[in-house]
Amino acid sequence: RRLTVVVLVTLLLLAGGGAGALLVYANRLDDNMTRTDAFSSLAERPDKPVAGAMNVLLLGSDSRDPDGTAGGGPYRADTIMLLHVPSAKDEAYFISIPRDLWVPIPPTPDGSAGGHDAKINAATAFGGVPLMVHTVESYTGVRIDHVVLVDFGGFVEVTDALGGVEMEIEQTITSIHPPRRTFEAGRHLLNGEEALDYVRQRYQFPDGDFSRMRHQQQFLRALMDKAVSSGTLSDPFKLNAFLQTVTQTLTVDEDFSLLGVGWQLRNLRSENLHFLTSPHNGAGRVGDQSVVLSDDAGAAELYQAVREDRMAEWAAEHLDESDGD
């Protein structure tokens with residue numbers, strides 16, 4: 001069950017399209033994605049002591065979120081994940097960083113914003129994607145190779161292109177957003193609007209925003225599993241439609257290559273994907289703000305393992321695979 005880009009490579013080559021046709025097609029997919037300058041303004045960055053590992057900062061926004069400010073406003077990342085692929089390319093670790101994590105935000109290059117502690121998702125409001133990269137790198141000590149911004153609103157079309165996704169609803173709830181759907185506990189097939197509605201919910205759960213983060217991870221895993229089980233990866237026409245839809249929802253850094261990243265992920269299978277959360281000490285208050293407090297010691301241990309390419313060792317000690325990490 002290889003990732004979509006790798007299967008596409010195989011299909012095109014077996015069909016006799018050859019490397020030239022593959023390159024043309026991959027370039028067209030790259031052209032579907034919006035580009036952003038994520039790194040040029042960063043003066044001081046962490047070293048990367050282990051060659052071959054790859055770290056991708058995934059930022060999710062929900063442009064259709066009913067809880068969002070009408071008419072827009074400063075962009076704050078709803079989802080922040082660090083994807084780490086070790087040099088062996090045999091596993092992948094999705095590390096969710098709580099959006100309300102209280103961390104130092106570095107100053108912007110002109111000094112007009114930042115330079116103080118705040119919720120980590122404020123970094124994009126203060127200085128866009130570059131300041132978010134700088135903030136994550138400063139907090140983790142991990143050098144970011146690529147940035148991918150995902151519009152979760154656009155994933156409605158991606159989900160529907162796959163015929164919906166199966167998700168385990170952990171408890172019966174009623175959505176706080178119109179049309180106020182009721183989600184019954186148990187495993188259900190959800191279409192795009194239903195899935196997005198479910199992963200937005202947080203007030204009905206005792207752990208609040210942590211539940212939404214957990215459901216976002218579940219949703220991403222469900223998308224990957226459905227791409228396999230629906231036959232999308234074995235049908236060139238379905239696969240093309242899926243990739244065209246996905247790439248139109250993405251914004252990436254200027255050096256990101258779908259084919260290049262896909263080649264690095266060629267040996268990954270869905271069972272090799274692990275989802276975890278950056279260590280924290282739960283919710284707390286700073287002044288009048290409700291925040292997530294960092295577990296500095298736990299985070300230092302985790303991100304040292306990322307930097308030193310020792311995540312397999314860290315995972316063996318910390319991850320419980322029986323409950324999906």
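Reply: Helices (H or I, at least four residues) and strands (E, at least two) are DSSP runs, numbered from the N terminus. The model is predicted: local features need pLDDT of at least 70, side-chain atom pairs count only at pLDDT 80 or more, and totals for chains, interfaces and linings use all residues. Residues are numbered from 1 along each chain as its sequence is written, and side-chain values use heavy atoms, with hydrogens and water left out.

Me: Is Pro 86 buried or exposed?
Reply: Buried means under 20% relative accessible area, exposed over 50%, partly exposed in between (1.4 Å probe, protein chains only). Pro 86 has a relative accessible area of 9%, so Pro 86 is buried.

Me: What separates the C-alpha atoms of Pro 86 and Ala 312?
Reply: Along the chain, Pro 86 and Ala 312 are 226 residues apart. Their C-alpha atoms are separated by 8.7 Å.

Me: Which backbone oxygen lies 3.1 Å from a polar atom of the Asn 55 side chain?
Reply: Asn 55 is in strand 2 (residues 54-61). At 4% relative accessibility, Asn 55 counts as buried. Residues that Asn 55 touches, not counting those up to four places away in sequence, include Val 142, Arg 143 and Ile 144. The backbone oxygen at 3.1 Å from the side chain of Asn 55 belongs to Arg 143.

Me: How far apart are the end C-alpha atoms of helix 6?
Reply: The expected span of a helix is 1.5 Å times one less than its number of residues. Helix 6 (residues 209-229) has 21 residues, so it should span 30 Å. The model agrees: the end C-alpha atoms of helix 6 are apart by 30 Å.

Me: How are helix 5 and helix 6 oriented to each other?
Reply: Axes are lines fitted to C-alpha atoms, for helices over the stretch in contact, and angles run from 0 to 180 degrees between N-to-C directions. Angles under 35 degrees count as roughly parallel, over 145 as roughly antiparallel, 65 to 115 as roughly perpendicular and the rest as oblique. Helix 5 (residues 192-200) and helix 6 pack at about 150°, with axes 8 Å apart. Helix 5 and helix 6 are therefore roughly antiparallel.

Notes:
A polar contact is a pair of N or O atoms within 3.5 Å; within protein, one must be able to donate a hydrogen and the other to accept it, and residues adjacent in sequence count only if both atoms are side-chain atoms. Contact means heavy atoms within 4.5 Å.
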